[in-house]
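Please look over the sequence and the model below before reading on.

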Amino acid sequence: SRIARAYGATVTPHMYVIDATGTLVYKGGIDSIPSADPADIPKATQYVRVALDDVLAGKPVAQASTRPYGCSLKYPRGST
């Protein structure tokens, strides 16, 4: 819970890419289509894959933040 709160996670999965210097360079959804249908995967923009490719190429992440989707997180009472 502490890590999720520290990064501002609101849903699961809420994806994060952190570069080699420890800098948060991407946060948001895994892809552009909020669907559980495997047939949607090829049609979606793969945000995490694109962010990782940018980082590995030494470029700034073009889209550093997107809307995450998934099941909302419920934090235990008193967790920080």
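Buried is used here for a residue with under 20% relative accessible area and exposed for one with over 50%, with partly exposed in between, as computed with a 1.4 Å probe on protein chains only. By this criterion Tyr47, Val48, Ala51 and Asp54 are buried in helix H2, where helices (H or I, at least four residues) and strands (E, at least two) are DSSP runs numbered from the N terminus. The model is predicted, so that local features need pLDDT of at least 70 and side-chain atom pairs count only at pLDDT 80 or more, whereas totals for chains, interfaces and linings use all residues. Residues are numbered from 1 along each chain as its sequence is written, and side-chain values use heavy atoms, with hydrogens and water left out.

**Helix H2**

- The buried residues of H2, seen down its axis, fall within an arc of 125 degrees and so line one face of the helix, the arc being that of the directions from the helix axis to the C-beta atoms.
- Arg49 and Leu56, on the other side of H2, are exposed.
- The cover over the buried residues of H2 includes strands S2 (15-18) and S3, with contact meaning heavy atoms within 4.5 Å.
- Gly58, which follows H2, has a positive phi near 75 degrees.

**Strands S2 and S3**

- S2 and S3 pair in the antiparallel sense over four bridges, where pairing requires that DSSP finds at least two bridges between two strands.
- Met15 stands opposite Gly28 in S3.
- The hairpin of S2 and S3 has five residues between the strands, and Gly22 in this hairpin takes a positive phi near 90 degrees.

**Asp31**

- Asp31 lies in the loop between strand S3 (24-28) and helix H2 (47-56).
- Although Asp31 is buried, it has no salt bridge, and the nearest side chain of opposite charge, Arg67, is 8.9 Å away; a salt bridge is a side-chain nitrogen of Lys or Arg within 4 Å of a carboxyl oxygen of Asp or Glu, and for charge Lys and Arg count as positive and Asp and Glu as negative, while His and the chain ends are not counted.
- The side chains of Asp31 and Tyr69 are joined by a polar contact of 2.4 Å, a term for a pair of N or O atoms within 3.5 Å of which, within protein, one must be able to donate a hydrogen and the other to accept it, residues adjacent in sequence counting only if both atoms are side-chain atoms.
- The Asp31 side chain also reaches the backbone nitrogen of Ile33, at 3.2 Å.
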